[in-house]
Amino acid sequence: MNREEMALFKDKKMGFFIYLGVEVVMFAVLFATYLIFTPATQGPHPSEVFEAKIVILSSFFLLSSSGTLWLGERALKKKKQAFFLIGLGITKLFAIIFLGFEVYEFASFVKEGYGMSASVFMSSYYALVGLHAAHVAFGVGWMGVLFVQYFRRIPLTLFTEKLSIFAYYWHFVDIVWVFIIGIVYLPYLL
Amino acid sequence: MEITLFGNTFMMPSDVLAAWVFSLILGGIVGFLILKKRRLGLLWEYMITTNHRKIGILYMLFGIIYFFRAGLDALFIRTQLAFPNNDFWVFQGEKYNEVFTTHGTMMIFFVAMPLLLGLMNTVVPLQIGARDLAFPFLNALGFWLFFSGSLFFNISFFLNMTPEIGWTGYAPLSTEQFTPGAGTDFYVFGLQISGLGTIFTALNLIVTIVRHRAPGMKMTRMPLFTWTSLVTSFLILIAFTVLAIALYLLMFDRMFGAGFFSGTEGNPIYWQHLFWIFGHPEVYILALPAFGIFSDVISTFSKKRIFGYPIMVLSVMLIGFLGFMVWAHHMFTVGLGPMANTFFAITTMLIAVPTGIKVFNWLFTMRLGVIRFTTPMLFALGFIPSFVMGGVTGVMLSVSAANFQFHDTHFVVAHFHYVIIASTILGIFAGLYYWYPKITGYVLDDKLGKWHFWTFLIGFHLTFFPMHITGLEGMPRRVYTYAESDGVTGLNFTSTIGAFLMGISMLFVIWNVYKTYKEGRKVGDDPWDGRTLEWSVASPVPDHTFDPMPVVKEIDAFWFAKAAGEKMPVTDKVRASPIEVKSILPFLMSMTFFFLSWGLTFAWYWMSILSALLLFGLLVIRALRDEREGFYGRREKDES
């Protein structure tokens, strides 16, 4: 990257970090909402609802996708194109698998009668975890666009920049998931 | 009146009918003028622009249009309250609830916010030597999101579905159980969309101010309007995000059967907390930029550097910080307990300290200065005593024990109009008169400006001063009538006279703009003998500014260069400017939000899904048409 590109990239990086700050506030309010309303006095208790198996499986895929993305990014820096493509591809695949588990989890809750209106605990659960899942879904689409950009052969510096911005997003989404495990699931699974 | 259309019969009250007729006539005239003068090209240019000055103009234009609508609402309110047991037109009962809801919501979100953001957009880059905001595309998106949200909110009136929940949207009234109609949804989505735009613009301003300053323009040399814009932007990021989540939760309550704010387990007080964690900082979001404008105006028209610059900056930060610790003073009567009430009473009183410091610094700036009583300066001078009065009633209200008497009376109405009109509205007027030559190249007529100032200021005090007394006599807010035996007839009638005087004062503005345009006397780049960088560029501001880039060596560098009879030193070593781009995508993206919300409001889910798909499609198009593609890799050949 030359000096001018660097300046523009730093603008974008700063802007994106501020945006992630906005996301932090968003999720913080939703976590607060969850903590206020859980466990609810009526309706199902969280320990009856959550299933450890799904949480562990989905966490495995989502959290390791951060690692595969990091490996892919490193491969691009070392100009190992194939490894990069594999890294980004696995990241996307893991994200889709995670989404699959989420959909399955939500569907099984609804089937058991624990829908949005089952209790205020379930409402706050869906509002929080659902928003996170939406972020993952958005990331899956974003990775699709990155693949297109890669094969369009846009200037490499620009592509590296786009990839780093996505990586910030993706790691952030993973960190939120860690908090979801710690605050939403873990207290009621132990 | 009943209207039959496509076999359906609609009830259309006469005020809605009047709005249709009025809007169609006005829209027809505007459309005719555009076609006759062949200005469609201009319209298109503004729809695709990402230039900060043009977007600033758009913000201000719509802010002023909505100002007239929300002002009209105020006149309806005051006419209804002019006499005891009055029955003015339709504005009783629910209609009265609607009219004070739209008045409050629009004045805050669609008048004060866009006017301030418009001034920031136009002026901040010029004050710090930036060639544009850091992300021009995002800036356009921010504006069009505001536009789309405000349009969504406004359209509810034409469908006779106006929200009637107050600008605070208190639960459980705002939940589905009590307002099942679409009105509240218009409130929820209107604010959600425009709030998103506001967050983007705040983010953009921060990056611009932190990273795009001219060489030598240290943070400690920035004009105070830029400083207040920076602090305000940080407040926006936090406050508007909390509002976004509050509205998101309310949407779940209303549409998807969640129960956060009502029912046996939900908690209406939680809405109040979330709303005021947004709502109180919002008050400072409105006031701080106005403080910045006054600081610049007072300094310019006193021919003196602002007194106590570091303390001024520090007090702005302190106000911003304390602004997040006072929200529960809106909830003293909720019953949070004596400990909470005491805490919030003390933090509220503390805010008076930095504010008081600022007031004294403005006074000391004028002391021994060479004061010129121009229109912007008059607004600044009118601000100081009026705002202090609002501040004093604020301290009164912060006494939580006494607050039980004041709560929900016209005393509160008097207080917040005193602070918001005196700071924000007078500040916006001062800013508009002050920077009008920079934006258009013309100076607004000073005589008409003074007429505007005096009628507005007198009208303002005449309207709101009596409300202190009616409030203390027990007149509740948001109630559409009172009895003769209440003994508040004379005071209410005085308020109504004042309101109409303020209305008349706005006619002077229209006349002034028209007259100035007709006379067409261009003024130079620096009509006020200004101190800051924006006066060094041409008026009206061209699309490309700061070429060559000035080097800043001190506060008010432009002034001292003029005083020394020199030109400002320049340099060609400048960082990369934001890349200019013209695109219709921001407009289209914003409109998908409009239709997405429309679909959700009326349960036309196909429309929401279609709009969401369209939005993602547009995002992909945006990603593939990145303007930086042509810019990157120019120096080194692409290695892949």
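Predicted model: local features only at pLDDT ≥ 70, side-chain atom pairs only at ≥ 80, totals over all residues.
Before anything else, one term: helices here are DSSP runs of H or I with at least four residues, strands are runs of E with at least two, and both are numbered from the N terminus.

One joins Ala171(B) and Pro172(B), with omega about 0°. Pro172(B) sits in a loop of chain B, with α5 (136–158) on one side and α6 (183–211) on the other. The other cis bond runs from Ser539(B) to Pro540(B), and there omega is near -15°.

Next, positive phi. Arg153(A) is not a glycine, yet its phi is positive, about 55°. You will find Arg153(A) in the loop between α5 and α6 of chain A. Is Arg153(A) buried or exposed? It has 10 other C-beta atoms within 10 Å, and because the cut-off for exposed is 12 or fewer, Arg153(A) counts as exposed.

Trp89(B) is also a non-glycine residue with positive phi, in this case about 45°. The loop between α3 (52–80) and α4 of chain B is where Trp89(B) lies. Around Trp89(B) there are 13 other C-beta atoms within 10 Å, so the residue is classed as partly exposed.

Last, the nonpolar core. The largest one has 224 residues, and the members that touch the most others are Val242(B), Ala246(B), Phe278(B), Phe294(B) and Ala430(B). Which helix gives the most to this core? That is α4 of chain B, residues 93–128, with 20 residues.

Take Val242(B) as an example. Leaving out residues up to four places away in sequence, Val242(B) touches Leu274(B), Ile277(B) and Phe278(B) in chain B, and Val25(A) and Val29(A) in chain A. Phe278(B), one of those partners, is itself on the list of core members that touch the most others.

That is what I have for today.

Terms used. Residues numbered from 1 in each chain as written. Chains lettered and ligands numbered in written order. Core = buried A, V, L, I, M, F, W, Y, C linked by C-beta atoms within 7 Å. Buried ≥ 20, exposed ≤ 12 C-beta atoms within 10 Å, placed from the backbone. Contact = placed C-beta atoms within 7 Å.
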